[in-house]
Amino acid sequence: MSLTLAADSTTSQQNWLEKLGPGQIILAVALALYPLAASDFFLTQIGGYSLIFGMLGLSLMMLAGYGGMVSLAQITVAGIAAYAIAILGNNNSNILGFGWPWWLAVPFAVLAAALASALIGWISVRTEGIYTIMITLAIATATYYFAQQNYAIFNGHSGYTGIRAPVFWGVNWRDPRPFYYLCLGSAVLSYAAILYGARSTFGMTVQAIRDNPRRMRALGYHVTAHKVFAWFLAGLVGGLAGVLLVWFNGRVSPGTIGVDAAIDVLIIAVIGGLRHPIGPFLGALVVVLMQTFAIDIVGAERFNTLIGLVFLVIVFVSPDGILGLWEKIKPHLTQESLRSGP
Amino acid sequence: MTRGQAWGLVGLLAAAVMAWPVFAVWPDWLNAILISKKAFVSAILNGITLAGLYFLVASGFTLIFGLMRNVNLAHGSLYLLGAYIGYEVTNRTGNWLFGVVAGFVALAIVGVAMQVFVFRRLEGDDLRQTLVSIGISIVAADLMLAVWAGGTYQIATPEWLDGALTLPIITAVRSNGASVFLTYPLYRLVVLAAAIVIGVGLWLMLHRTRVGMMIRAGVDDRAMLQASGVNVHAVFAIVFAVGAGLAGFAGVVGGSALSVAPGEDVRYLLASLVVVIVGGMGSITGAAIGALLIGLAEQIGLVYFPTYGIVLTFVIMVVTLALRPQGIMGKAR
Amino acid sequence: MTMQRRTLLALALFTGLTAPSMALAADDTIKIGLLATFEGPFTVLGEDSERGAMTAVAEMNGMVAGKKIEIVKGSSDASPDSAVRAARKLVEQDGVKVLVGPLSGDEGIAVKDYAKTQPDVTFINGTSAAQDTTLRDPAENFFRFSTDGAQWMAGLGTYAFTEKGYKKVATVAEDYSFPYTQVFGFMAEFCKAGGHVPSKSWVPIGNKDFSSVIAAIPEDVDAIYVALGGADAVNFLTQYQQGGGSAPLIGGSITVDQTVLTSKGKLRDVLKGTPSAGPTADTNDAPAWKAFVEAYKKQPGAFPSPSLFAHGYYVDMKATLLGLDQVGGDVSDGGKKLRDALSKLSFDTPTGKVSLDKNRNAIADIFLTEVTEGADGTLLNKLVKVVPQVNQTLGIPEDEFMKLGAVNRDNPSCP
C-alpha cells in the first residue's frame, strides 16, 4: 500500500504565539476584517460558502492525510446533520419539524452526524486502502437514494425547505455579516482542533497506524477502534459544516448529498492539498470562485471540463495540491531573488 | 447409494422445487401474494438478463483491478463512450454488428492509451491513479455532453433480434381453457447469451492460454512475474485493452437494450462497484455471482417493493462487507 | 517558515476577493435575470427555454419602455440548491431586479422560498410546474404566468373516460413531486367521471429498466397512463414495444413533448394515437400560435416546434416585458409598481388569454392533444380540443380542492 500522504506533524516546544507565526496571524486578521471590504454577496456566497466547504474538505483531509482513509461520504455525514436540523427544528414542508430550539437541535445534529460517520468508518475500515474510496462512494449513493425514496423521514425528492438560521442575542445569524463570522468561527475552531489533535497522542497514533498498521497492532494498539474514533471526530467537523450548510441554503434535499456533491468535496480537498489543514480551505475558495464565475468567463456549459482539467493537472503535477505547488515554486523564487541581487 | 448420488438426488429435488413455480400454473393464492405469475417470472428473467449486462461491465473492471490494483473510476465513462460510438457507427453504416465491433475496438484503443499515457506514469500509487480516473470521468462526461448533448439515443437493433419470443411457460389459463404463454423480448436473451459466451471465453483465456497464465501469475505476485522476465507492461496493456473494450462492448449492447443518455456512466460505474465488492475484487467468477445477485435484487425490488428496491442492492453490499469483507469469491490479502 | 509562505499566498488570493461589484445597470438598460438549466442532463431543455425567452425579447426588438433589455443568464443543474445559488448570484451579485425562471418543479419551490427573503426583487416563473409554488404558502413577489402540472392535465381524465371509453387505467410515473401532480390532475377528473385506477407504479428516478414494471401491470386494464420524461419515457416506450405491449397509452405532458417525439428509434409506432394534455399543441391552427412558431424558429438551433419549456419561458418573459412596459421600465421603488401591474395583467398569448388568480398563478387555456404523424413524417401533437381558462383548482371550489390534500404517492386513490 502506498497511501503516503504524510502530513505535517512537527512538534515543537515554542509558545503558542511563536508557533502560530506571523503568516497565520496576518491571515487571521485579514479574515476577520474581510467584511469591511466585501459586498454581501462576496461575504456569504463566496466567503461563507468557501468556509463551509473548506470544513467539509477538512474533515476529509483529516481522514485522508492523517489516517490514510480517503472518504467520499463526508457530504453524507454533513447531510445527516442538515436533515437532523430540518427535522428537529422548524421547516415549512409540513413534515415533522419538532420545533426544538437551536441550542438543543445543533448538538444533537452534530452528534448524529458523528455517529453516522463512525458507523460508515466501522463498515469501511473492515477493508483496507483503496477499497475505502469505493465503499464510501457506494454508501454515499445508497444514502442519497434512500433519502430520495423515503417520505416519512427525509420527505423524498423534495426534501425540506424553509429552514432558518436562529435569531438570538438580537442577531439574525443568517444576515451576511453575522453568518460570515459564524462560519469563520466554526472553521477556525475546527482548524485549530485538528492542528492540536494531530499532535496529540491520539493523532500520532492514528498517523502511525496509517504508516504501519501491522506494527501498531503488534504493539498492542486497537487499530480498528482508533480508526473508527478518527471517523467520529471527522464526523463532528463534517456535521458542524452540515448545520452551517443547511442554514446557508435554507433547505436540504437529496440533491445536496448526491454523488456530484461527494466528488466536489474530494476535488476541493485534493486541489487544496491533503498535507495541511489549510489546504481544503484554499481548495474550497478556488472551486467556489470557479463555480460562481465560470458562467461569466467560459460559459456554464463547460464548467465541469474546466474544473476536471484543473483537478487532473493538480493530481499529475502536484500530488499535494496548491500547497505542494507552492512548495515546488518557492525554491525557484528564492533562487531568482539571489540572482537578481547585487 | 453413495454420497455423490445422495447429493445428486438432493440437487435434483432442489431443482424441481425451483422449477415448479416457473412451469406450473399458479393457484390463486400464490398469484395474490406475488401480484401475478407473469410479473414474478418476468422479474426473475429480467434480473438474470440484467445480470448479464452487469457482468459484461464489471468483468473488465475486476480484471483491471485484479492485475494492476487500479480502481478505474472512469470505467462508467468507458461504457458510455462505447455506447455513443456504437450509436454513431450503427447509424452511419446501418449495420448493428459494425457498431458492436466499433464499440469494442475503439474503447480497447482508448484503454491502452489510458494505461500507457496516464496510469503507467503513476504506477504503484493507487490513490493517485484513482483520483486521476475520477478527473478523467468528470472531463469525459462533460465532453460527451458537449458532443452528444443531453438527448436520449437508442441504438437500432437489427430486425432478426427484434420482437418477442414465446416461452413454454404458462402464465395463466383463460376461461375457455386456452393457455397464455409468456412472451419475452428476444434481444434480452441474446444479451444474456453474449454475457455467458464472453464469461466462458474470459475463463478459458485466463486458464488455458499463455497470456492468461501470466495474468494469473501477476494477480498473485506482480513483482515475481516481472522478475521472471515477463514484459509486465505488455501484459498490463493487454488487460486494459480487454477490460476497456468489454466496457465499450457492454455500452453498445446495453445501449440497444435500454438507451444512451448522460448519467449512464455513473449508473454503470456504481453497478460495477457494487457487483465487484459483493463478488470479490479481481475474480471473474465473483463478478458473475455478484452480477446475478445484484441484477435479481434490483428487478425483484422494482416489482415488489419499488420504494426501497434501489436501496436493496446497497444493503446486500453492506451485509457482504460485514460478513466477508473481501467479497464472496475474493481472496483475503 | 513554510507555513508563513503558505498563508501569505492565501492572503494574496484573498485580497482579490473583496472588490464589491454591485455593478448597477446604466440608466438606458434594464437587466433581466434568466435562470434555466444550462448545465447537467437538462441542458437541452434549458437551451430551448432560452429560445422561448429570447423570442419574447426579439418581439420587442430588444427594447422595453425605451430602454435596452440586457439578459443576464444564470445556470442551474436542475437541483434546487444550484437554482438558489444561481438566483442569489443574479440578484445579489449581478443586481437584477427582475428574474425569470426556474425550469423544474423543486427548483421553483426553492426559488419561491428564496424570493421571500428578497422582497424588492420581482420573480417570474419559468416552466416550474409544482402546485405548491403558488398554492400553499406563496410568496408575494413570485408570479407564475405559466400553469402547473395538475392544470396541464385538465380535460384529459374526462376525455379518456367518455370519448375513449377507458374504465380501468393503470399509471406508471416517476417517484417525485411533479409526476404526483400530473397523476393527481388526471385522476381528479378520471375518478370523478367514474373510472378506476387499480394499480399505480412509482418508478424510482434514474431507473432505466422498466420491463419488470411493465410485466407487473394488471392485464385487464383498458389503458396505461404514463408520466415519464426524457430518457425514462424513451426507455419505457421502447421496452413496452419490445415486450409486445398492446394496451393503449395515455401520456403526461412531458411524455409526449417534442423532446421525446424527436427521439430517434422505434418507439414511434407505440406513440401514435396517444392522447395527452398540456399547455401547447403542435397543430394549433390559431394564427397567433403559427406566428409564434415562426418567430421561435428564427432562434438558433430551434426544434421543428417549440417545446413546452420554450412556450412557458416565452409566456413568462412576455408578461415580464409587458409589465415593465406599463411602468415605463421603472423598478426604482423596489418593484412595487411592477408587481401591481403584473397582478392585474391580462394578455393574449399564442395559446390564448392569460390572467392571474389571487395567488399570482395563471388561469389559462389547456390543450387536449393526440399524437399523429405529420406530412413530413415527424410526430406531432394534434389538437383535439381546447379546455378554456383552467384555474389552479381545476374548476373545483377552493376549499373543497384544498380538502383533497397535498399530492403524494397515495393521493388521490380510486382502485
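Mentor: In chain A, residues A:Leu56, A:Ser59 and A:Leu60 of α2(A) meet A:Gln74, A:Ile75 and A:Ala78 of α3(A). Two residues count as being in contact if their C-beta atoms, placed from the backbone, lie within 7 Å. By class, these residues are four nonpolar, two polar and no charged. Here Ala, Val, Leu, Ile, Met, Phe, Trp, Tyr, Cys and Pro count as nonpolar, Asp, Glu, Lys and Arg as charged, and the others, Gly among them, as polar.

This is a predicted model, in which local features need pLDDT of at least 70, side-chain atom pairs count only at pLDDT 80 or more, and totals for chains, interfaces and linings use all residues. Residues are numbered from 1 along each chain as its sequence is written, while chains are lettered from A and ligands numbered from 1 in the order in which they are written. The model has an ipTM of 0.81 and a pTM of 0.86.

Helix α2(A) covers residues 40-67 and helix α3(A) residues 74-88; helices (H or I, at least four residues) and strands (E, at least two) are DSSP runs, numbered from the N terminus. The two axes come within 9 Å and cross at roughly 125°. Axes are lines fitted to C-alpha atoms, for helices over the stretch in contact, and angles run from 0 to 180 degrees between N-to-C directions. The helices α2(A) and α3(A) are therefore oblique to each other, since angles under 35 degrees count as roughly parallel, over 145 as roughly antiparallel, 65 to 115 as roughly perpendicular and the rest as oblique. Their crossing is right-handed; a crossing is left-handed if the near helix is turned anticlockwise from the far one by less than a right angle, and right-handed if clockwise.

Helix α2(A) also meets α10(A), residues 259-272, where the axes come within 8 Å and cross at roughly 70°. That makes α2(A) roughly perpendicular to α10(A). On α2(A), the contact is made by A:Phe53, A:Leu56, A:Gly57, A:Leu60, A:Met61 and A:Ala64; on α10(A), it is made by A:Val265, A:Leu266, A:Ile268, A:Ala269 and A:Gly272. This contact has nine nonpolar, two polar and no charged residues. A:Leu56 and A:Leu60 take part in the contact with α3(A) and in that with α10(A).

Helices α12(C), residues 308-326, and α13(C), residues 336-344, have axes that come within 9 Å and cross at roughly 120°. They are therefore oblique to each other, and the crossing is right-handed. Residues C:Ala319, C:Gly323, C:Leu324 and C:Gln326 of α12(C) meet C:Leu338, C:Ala341 and C:Leu342 of α13(C). Five of these residues are nonpolar, two are polar and none is charged.

A word on confidence in chain C is in order. Its mean pLDDT, the predictor's confidence in each residue from 0 to 100, is 84, and 92% of its residues reach 70 or more. Over residues 1-25 of chain C, however, pLDDT stays under 50. Where pLDDT is low, the predicted coordinates should not be read in detail.
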